[in-house]
Amino acid sequence: MTKNLDLTDIQGNIVKAYGAYNFHKARYLFMRIDNGDKGRKFVGTITTKVTTAVHWTKDDASTGVAKPLVTTNIAFTYSGLKALELPRASLKGFPEDFVMGMRERKDILGDDGPSDPKHWDKIWQETVHIWISINGQTIDAVNERYEWILKQIEASDGGVKLLTGHRGENGEDDLPYQDASVLYDASGNPTAKEHFGYTDGIGDPVFEGQTNIPDRVLGRGKLTREGGWEPLATGEFILGHVDEAMEYPRTAPAPDLLSNNGTYMVYRKLHENVGSFNRFLDEQSKIFPGSKEMLAAKFSGRWRDNGAPIVNAPDDESKKVWDEKFAEADFAAKKRMLTDFTYNQDIGGAKCPLSAHIRRINPRGSLEYGVKDAFDTPGALVNRRRILRRGLPYGKVTDPIRDDGNHGIIFMALNVDINRQFEFVQQQWINYANDFKEGNDKEVLLGNHDAKNPGKVVLQVEKGSGKPPHFVCNIPRLVETRGGDYFFIPSITALKMIAGGIIDPT
Amino acid sequence: MSNIAGKAYAMNVVTPIRWYMVWINRLIFKIALSRPSTLKGLITLSLIHYARWVIIPKDGFPHLHPSQPKENLHYSYMLFFSNFNGSWDQYVDSFTFAIPSGLDLFWKWNIRYPKSVPLTPFHDYIKYNQIDTAHYYSAYPMAASNDVKSAKIVKKALIDFKSASIEKNPDEFLIDYNNLLNELQLEFGEMRPTPIVSLSADAVKQRYLQSQSHHYI
Amino acid sequence: MATKSGNATALTVLSPIKNGTMGEISYADITRERCLRLPIHENSPLAKVPNTYLARLFILDDVFYESLPGSDSVFNFSDIFSFFSDQARRDALPKIDHLKSKYLVFSSNFHGDLNEYLAGMWENWTYNDQGIQHDVRYIWEHCVAFDEVTDCNSFISYIKRCQLDASLFFNGSTDDSLQEQLKALYLKQEFTKFVTTHQGKSAIEIQQAFKRFIERVQPENLSGPSWIPGQSNP
């Protein structure tokens with residue numbers, strides 16, 4: 001089933017993770033619309049610079065589009081679309097989760113205790129309407145685009161207001177934007193790491209209509225009964241296309257031109273308690289039969305240094321072997337080593353624990369528990385729970401024993417159905433574990449661990465080996481939500497129609 | 001509050017079935033029961049405590065007294081009762097994706113059953129024909145079906161271990177103890193109250209708890 | 001004849017409710033209200049009925065008219081006749097059915113023998129509603145012919161007259177007695193706490209502690225410490 005996506009109509013951030021294209025710097029702006037007319041005009045102007053998903057040429061050939069120095073994308077909350085005066089007949093077609101917004105869904109997401117919205121950055125105590133992202137190859141490129149946007153806000157003559165209230169490096173709480181950036185190593189080279197030291201951004205889902213599918217689909221698409229991989233249905237990630245349930249996503253509002261080629265985005269500012277993490281890892285590794293790095297790999301499902309999947313490198317010895325093979329592999333083979341795997345030889349979790357981060361957010365075929373042909377396909381319970389991950393770390397760790405610095409991840413999940421995809425994974429697989437037969441045991445890194453009733457996870461071992469499993473107890477809350485919301489990312493066509501005030505589902 | 005008791009959700013579905021299809025359905029159920037492989041998917045899904053299908057022939061509604069008018073129906077009816085874990089959406093989705101042909105097998109002969117794929121017409125069919133529970137009771141609201149099954153394994157292993165090893169010398173005891181933990185390593189999940197599967201149900205529950213704290217007797 | 005799966009039993013009861021009203025409220029609505037007011041979890045009267053795994057009550061007001069479109073997999077001659085006759089097309093639409101009475105539906109999944117279970121309902125079903133203790137008659141009070149129920153035996157025969165067989169009873173759990181299930185859940189919970197607390201300790205320490213643990217939890221004593229039916233808090 002081949003299909004061609006209208007790449008010029010889809011916003012670029014849906015199809016590309018800019019960080020992988022050398023856009024190492026990002027800035028996120030949030031605005032409120034105070035006048036419908038002026039707001040629409042503003043959207044129209046911004047749209048002239050919105051980056052599409054069109055292919056970028058590798059050289060300066062006249063075919064195709066050269067990679068820009070900076071990208072811009074735009075999205076709206078439900079309140080924002082209302083402020084832009086979309087007709088009621090369109091508004092009522094948006095799904096409940098998007099209409100409520102992330103703050104009102106805190107009980108589903110487990111945003112309690114320190115993650116409760118009342119502790120979020122000041123900006124999130126206001127009503128946010130517009131999100132604009134600037135991704136740049138250099139900070140200068142980002143600044144230039146930022147200045148241009150500021151000019152447009154000014155030109156709106158009070159119609160659009162830039163919201164302030166982001167927390168900053170030095171205790172400020174009223175910054176006008178949220179910056180994010182790749183982390184650099186000691187020599188100043190960009191890395192793919194986040195503040196706990198893990199290599200991030202491996203393994204984005206692959207869907208119909210993307211390019212180079214054979215190269216990328218292994219381990220990243222959906223599993224077939226024969227053990228191969230196929231791309232997921234486009235309609236899991238982009239509205240207006242058929243999804244895995246053989247229908248068009250029902251989360252699409254009318255008219256078609258408003259929703260086609262758009263999608264929903266979950267934006268979350270996740271603060272990382274680096275001090276607690278380091279302390280916890282240190283303490284726990286004292287009683288763990290294996291190295292500290294092996295324990296860290298057990299939490300995540302990947303080794304920190306290079307992202308080696310622990311299911312293929314379950315201990316220090318096998319990791320050395322994996323590293324040697326990795327060093328000798330070419331670019332394509334490296335990618336396969338990182339993403340092409342299943343848990344079929346590890347149903348019991350002895351290699352990759354059932355509580356490991358990557359296993360919880362994408363169990364691959366393992367929910368069939370090794371019972372051949374139990375389900376229609378091995379990924380039957382997983383294929384509709386995938387999300388596209390975008391985002392970058394923010395802030396710097398100045399003191400690795402403290403939690404109160406300004407550092408974390410700006411996390412974005414893109415999907416057509418927030419409740420079925422993102423919220424489900426968050427609520428049922430990260431903060432709960434019945435599908436993994438682990439009761440209420442939460443995932444170590446992202447789980448909303450309760451300081452009053454701290455939980456645990458079990459690190460399984462080889463069955464029949466005579467060794468007991470290892471228990472990791474009293475897990476502190478390592479990640480706290482500091483803000484965010486649910487956004488709709490329209491297509492270019494929809495943006496122009498919104499700007500022109502001509503959305504009409506009659 | 002009505003359809004949920006802790007981690008269990010009560011689903012009741014009533015659907016008309018052509019009177020002459022009653023016997024075919026009964027036959028299918030009989031076959032399904034006698035061939036465990038048919039139910040492989042259901043068992044692997046592991047979300048269900050207990051579920052049942054009841055067929056009421058059109059003259060089969062209980063009639064207890066001459067004063068009660070006799071039913072005069074065109075169709076017979078199929079009742080489906082399930083006790084499962086998770087939200088309604090998760091449950092219905094699981095079936096559609098994991099065992100679509102199984103679903104079709106059970107509901108095929110019902111009036112205007114739309115087939116289990118694509119999803120939304122099937123969702124609509126179930127929702128449309130679902131009746132809410134007025135009172136739902138689970139003897140173990142904090143336990144999912146997985147927990148009940150797991151607990152059975154733990155109890156047996158613990159008792160066997162006690163008989164075999166509790167009086168051994170400490171070093172031998174420890175070897176056996178570690179073997180026991182290895183054997184039970186997939187049975188150590190915590191059991192606590194459920195995540196919220198429905199905001200409206202949760203709101204009702206909060207109000208109920210508040211009213212209980214004002215309760216005096 | 002209730003349906004069984006091993007020792008687990010499925011009881012499905014449809015009791016017709018008297019048509020008519022008490023003042024301005026129908027018997028069906030009175031019954032429904034009483035069901036809605038039943039206290040939940042450990043305070044439910046079902047928590048007192050021995051061996052009840054999961055059970056529910058609701059009122060079946062009427063059957064639904066299937067107005068949704070579907071794709072019937074059965075070939076109908078009316079599909080052909082409809083080409084030629086509008087009447088044939090209309091006749092092929094689903095018929096509208098109505099029930100002449102409303103029914104109190106009670107569905108229970110329990111362990112053991114039906115007669116014992118029903119006797120258990122008669123003898124043990126009790127709860128408090130607005131300051132008054134009620135037994136099982138309070139829910140069935142307005143059902144047709146329930147006034148003939150005066151004692152345990154007549155209650156059992158009454159329920160059996162209202163009973164329907166299940167064509168398929170799927171057991172996705174166990175068929176142990178409720179006491180077994182609750183004791184096992186208690187042991188799973190307690191033993192999990194034990195193993196995490198004693199990780200890494202010496203052989204002697206663990207053995208001593210384990211002996212004390214066994215004395216406390218009494219694994220083989222079903223009447224010893226355990227979860228109570230309907231327990232909703234750890």
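In this predicted model, chain C and chain B bury about 9,400 Å² between them, and carbon and sulfur atoms give 65% of that area. The residues taking part number 104 in chain C and 107 in chain B. On the chain C side, the residues that lose the most area to chain B are Arg56(C), Leu168(C) and Phe170(C), which together account for 9% of what that side buries.

Chain B also meets chain A. Here 52 residues of chain A are in contact with 41 residues of chain B, and the two chains bury about 3,600 Å² between them. Carbon and sulfur atoms supply 53% of this buried area. Within chain A, the greatest losses of area to chain B fall on Asn434(A), Lys437(A) and Asn440(A), together 14% of what that side buries.

The individual chains may now be considered, beginning with chain C. Its secondary structure consists of eight helices and 10 strands. The C-alpha trace spans about 90 × 45 × 30 Å along its principal axes. The radius of gyration of chain C is 25 Å, whereas a compact globule of 234 residues would have a value near 17 Å. Of the 234 residues, 55% are buried. Among the contacts in chain C between residues at least 6 apart in sequence, 76% join residues at least 24 apart. Chain C exposes about 10,300 Å², with 52% supplied by carbon and sulfur atoms. Its side chains include 22 positive and 29 negative ones, and the centres of these two sets lie 5 Å apart.

Chain A comprises 16 helices and 15 strands. Its radius of gyration of 22 Å agrees with the compact globule rule, because a globule of 506 residues would have a value near 23 Å. Along the principal axes, the C-alpha atoms of chain A fill a box of roughly 70 × 55 × 45 Å. Buried residues form 59% of the 506 residues. For contacts in chain A with a separation of 6 or more, 70% are between residues 24 or more positions apart. The accessible surface of chain A is about 20,000 Å², and 50% of this belongs to carbon and sulfur atoms. Chain A carries 65 positive and 70 negative charges, whose mean positions are 1 Å apart.

Methods:
Residues numbered from 1 in each chain as written. Chains lettered and ligands numbered in written order. Predicted model: local features only at pLDDT ≥ 70, side-chain atom pairs only at ≥ 80, totals over all residues. Heavy atoms only, no water. Helix = DSSP H or I, 4+ residues; strand = E, 2+ residues; numbered from the N terminus. Rg over C-alpha atoms; globule rule 2.2 N^0.38 Å. Buried < 20%, exposed > 50% of the residue type's maximum accessible area, 1.4 Å probe, protein only. Contact = heavy atoms within 4.5 Å. Areas by Shrake-Rupley, 256 points an atom, 1.4 Å probe, with all protein chains shown as cover. Lys, Arg positive; Asp, Glu negative; His and termini not counted. Charge placed at Lys NZ, Arg CZ, Asp CG, Glu CD. Buried area = accessible area lost by both parts, 1.4 Å probe.
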